[in-house]
Structure formats: C-alpha cells, structure tokens
Amino acid sequence: MQTITELSKKPWFLGSLVLVFVVVVLWSIPIEKRKYGLSQSNLVTDYTGLLPERVERVVKAENRTKLQKIVIETNEKGGQQISVAGLQHSQGGHTYYKDGVVLDMRSFNDVLEINEQDKTIRVEGGATWEDVQNAITPYGLALKVTQSQSIFSIGGSLSVNAHGRDIHFGPMAGTVKEMTLLTPTGEIKKVTRESSEEWMQYVFGGYGLFGVILDVTLELTENDVYTIHTEELKTVEYESYFKNLLDHNNTAMHYARVSVAPSSFLDEMYVINYNYTGKQDHKTPLKGEQGIRLSKLALDLGRQGGFLEELFWETQKLYIDSIDGNTITRNNAMRSESTFMEFTKPGRVEVLQEFFIPVHSYEEYINDLKQLLSSNDKNEDFKVHNITVRYAAKDNHTSLNYAKEDMFGLVILIQHGLKEKEIANAKAIIQDWTSLTLDHGGTYYLPYYRYQTKEQFMKSYPEWEKFREEKLRRDG
Ligand SMILES: Cc1cc2nc3c(=O)[nH]c(=O)nc-3n(C[C@H](O)[C@H](O)[C@H](O)COP(=O)(O)OP(=O)(O)OC[C@H]3O[C@@H](n4cnc5c(N)ncnc54)[C@H](O)[C@@H]3O)c2cc1C
C-alpha cells in the first residue's frame, strides 16, 4: 500500500485534492434570497431596503369584483392612497404609500387564452414572464419584448414600459394589442390601441398611477433558434459597429458590456449577438438557473476592485469567447440568471441605474464619463461593478417617454455604503452623472432608486405636466 507521502508526489492525487477543494469552496458559497417588500409584515420596503414604510393593509388580488370594490370603497372613504404591487423588483418604493392600501397582484396570474393562429396570449397582470414562457413554449411561440430576466410581472413591466435585448421591436408598450383596465374611479374597461381615450399612453410607463392592469393581450413571435456571436471591441468602434448590425438585419437580439476594470476602464467592450438561423423550435425545454455559485464567486471577486476586477473582466471575456458559435432558442435567451447578483452585506447596498443616450452621442458621452468616474474604485465607497448596454428604439407609445429617439440604455450596477455621508456622496455622483447624460441629449430610467433632483426629472421627462394633468383628470 502507498503512503500519503508517496501519494502526494503523484500528479493525479494532487489534481484530485485541488478539485475537491474547489468543489468544497463553491458549495460553501451561500445563495442569498432576500426578504423584501410584501414578504415583511406591514412594514414594507423596496428591493434595496432603503425605504421602509408602514402601510395600512395589503390585499391579495383574488378577482376583478373584489379589486373593483376596494377601489370604489377607498375612493368613497377618501384620504387614503391605493398602490399596486407586482413582483416588487423596482427600487425606490413605487409599490407602496405610507398608511396606504397595497394591491398584491401576485396571485392574479392566470393565462386566459393562447391564439396560435394570431400569435397572441391573453394573460392577467400579476403573471410573470416565467408563467408566460411556460405557457407558450410548447406552441413554438416566444415574446417580442421582455427584460433580460423572466422574474418580473406583466403589470409591473408594462407600468415601467420595459425594454430588452431585441433590436427590432422597440419598447414593450408597442407589443400590447388590448388591455382590461380597472380605472382610478373603479370602472372596468376594455382598451385597444385605437381607443380614443388614450389610456395605453398613460398606463404604460405610468407606474400604477392610472389604474390596475387586469389583463393584456400581447403579440408574440416564433421561438427562433439563434447562433450566438461574440466579439471584443474598443468603445470607439461601437457606434458604427451597431449601425452596421441594424443595417444587415441578420441579428435578432444584442447586448454589450463595457469594461469597468482599471486598465481598460470604459475603453474595452464585448458584444453578444443572437443571429437568425432560419430554424424554429417547439421542443427545447426552458432552462433553469445555471452555475449560480460560480457566477457569484466571479462577481464577488470583481466586487473587490483593483487587480481582482481585472481578473473578473478577463474571466468574463474568456467565458464570452467560449459561447461563441453556440445555439440557443429565443425563449432561453430571454431568461438570464439573476440569483447570483443577490447582495446582502451589512452596511452596504447595491442599486441599479439606467441612463439612455442617443446612439449618435455614445462615443462622446463615454469620453466625458471617463472624466467623471474613477477608473479604479478599489478604495472608494462608490463602486461601479458593471455596465451593460442595450438598444432602446424610439418609443411612439407612451407619455413618460425615456426614448424620444433611438437610444442606447446603459444599465449600471453600483455599490455604496449606508452611512448618511456615503448615501450623500452616491447621490452627488449620480446627480452629476445624470446632468452629463442630459447634456448629451439623454434621459434616465424611473424604476430605480431616486437619486435625481426634481429639476433633472422635469428635464428628462418634459411631458410630466401633461402627464400630471391627465392623472388628476382621470382620478375623477
Ligand atoms: C435585476 C433587475 C434587472 C432588470 N432588468 C431590466 C431590463 O432588462 N429591462 C428593463 O426595462 N427593466 C429592467 N429592470 C427593471 C424592471 O423591469 C422593473 O423594475 C419592473 O417594474 C419590475 O417588475 P415588477 O413585477 O417587479 O414590478 P413592481 O416593482 O412590482 O412594480 C413596478 C411598477 O408597476 C406598477 N404595477 C405593478 N403591477 C401593476 C398592475 N397590474 N397594474 C398597474 N400597475 C402595476 C407598480 O405600482 C409600480 O409602479 C430590472 C430590474 C432588476 C431589479
């Protein structure tokens, strides 16, 4: 029999030990599932936990008559606000008012009808994209527009007029044929695109202020099979690269990531395209979350900044390179992982922000951004972990419109501390960032925590006055 000393000289033995060590390390990475929003008694908070508030009551949405009764009775009583909550992933307290009534839409989630011929689905407002994908995949159908993840509710997504990675369909509001709305005065109305009362224009991107979306009929498309194409680029090449992509019409979906590693800060990017193969799919199952611990380990390394952020960027590039040439169905491309991003370090918070910038201003904007942000945030409180770029085509459907022309949306993952002065510092940087964006003809997205000033809001959304007038008029 060989002794341990003899065994330790064998390469296979050492290799096995390393493998066991890596597996143990990976398995010991905790997978966090935070409690937030309606999961917490009457003291609710938003996804960031920054805005705890006591509400009077939370009502589970069971049926239309009950919802209608609550709206009418609360209006009659007066003095109390009603809010609507989907999956509560918005950051900033959009789904509750102090001492108000919260309508919890999560149980109002039935798929009502799938029309294979017309390629449409009618579904209740509390259903998630996951519910919709489960229902339509067997028919070989897929969504036209959804966020990068499938964890959100339909009502919550339309109320922010979400956008995704498809470069041809524009924002989500354009994919709704019909809607049933419970208006602020308690009427239940069928609303179509042609309807002269223009409810859709205010309800979509209206953050629950114009009534409850009870159900919608969404346009669908085929569950195409795509080839993934990945490429590394310099930031200065991106504008013309993207215009070329649009002109050639071979790509269905696209997104990009910009380096936040110190040595290539805002200079390097990689792109991921989903190219048509001409094939469609009826049988590939929906994928579950994969590689959560590994992705979390990599992100946690990047969170340390400095050299480890360099390592994270290089690892991402290697991974992206490794998926070049793979095939994937449209439905699976529309359900990216999210659990690995959970972050629960005491005293710190991670928030999202999104800035929209006209496509033709991208290069100039990034150059100016380099002057504003620190390329190495290792020792700073305010840290930028990730910048993803998506295309948001001009929106002709909504009043509170973030894309008045063709835009790139830069989604930013930020971490900062929770002490008063740390929050104030984050606020100051994000306000400067917003001013820079406005100077370049851009806007910012409203589902996230509000660091911006009122003036910045009014400049980003010049239709706010008309929006407010309509809100007051339709409240009755
Ligand atoms: C990790 C992460 C990734 C994201 N990725 C993207 C992305 O790729 N693209 C993008 O555009 N956005 C993205 N977002 C933002 C996201 O789309 C919004 O926060 C969306 O509102 C979340 O849906 P929800 O069901 O959680 O809505 P909630 O947060 O519950 O509600 C959002 C708003 O909708 C209202 N509302 C909810 N349900 C209804 C209803 N039935 N009728 C009327 N009003 C209602 C609420 O009152 C509130 O104002 C992302 C957010 C996170 C946290």
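How do the residues of the shell around the ligand divide into nonpolar, polar and charged? They divide into twelve nonpolar, 20 polar and no charged, where Ala, Val, Leu, Ile, Met, Phe, Trp, Tyr, Cys and Pro count as nonpolar, Asp, Glu, Lys and Arg as charged, and the others, Gly among them, as polar.

The model is predicted: local features need pLDDT of at least 70 and side-chain atom pairs pLDDT 80 or more, whereas totals for chains, interfaces and linings use all residues. Numbering starts from 1 along each chain as its sequence is written.

**View 1. The shell around the ligand.** Two or more residues come from each of β4 (82-85), α5 (154-159) and β11 (212-222); α5 gives the most, with four. Helices (H or I, at least four residues) and strands (E, at least two) are DSSP runs, numbered from the N terminus.

**View 2. The ligand between two domains.** Domain 1 (32-222) and domain 2 (225-460) both give residues to the shell, so the ligand lies between them. The domain bounds come from an automatic or database domain assignment.

**View 3. Helices α11 and α12.** The axes of α11 (residues 362-372) and α12 (residues 420-439) come within 11 Å and cross at roughly 155°; axes are lines fitted to C-alpha atoms over the stretch in contact, with angles from 0 to 180 degrees between N-to-C directions. The helices are therefore roughly antiparallel (over 145 degrees). D368, L369 and L372 of α11 meet D432, W433 and L436 of α12, contact requiring C-beta atoms, placed from the backbone, within 7 Å.

How values were computed. Angles under 35 degrees count as roughly parallel, over 145 as roughly antiparallel, 65 to 115 as roughly perpendicular and the rest as oblique. Two residues are in contact if their C-beta atoms, placed from the backbone, lie within 7 Å. A residue is near a molecule or strand if its C-beta atom, placed from the backbone, lies within 6 Å of it.
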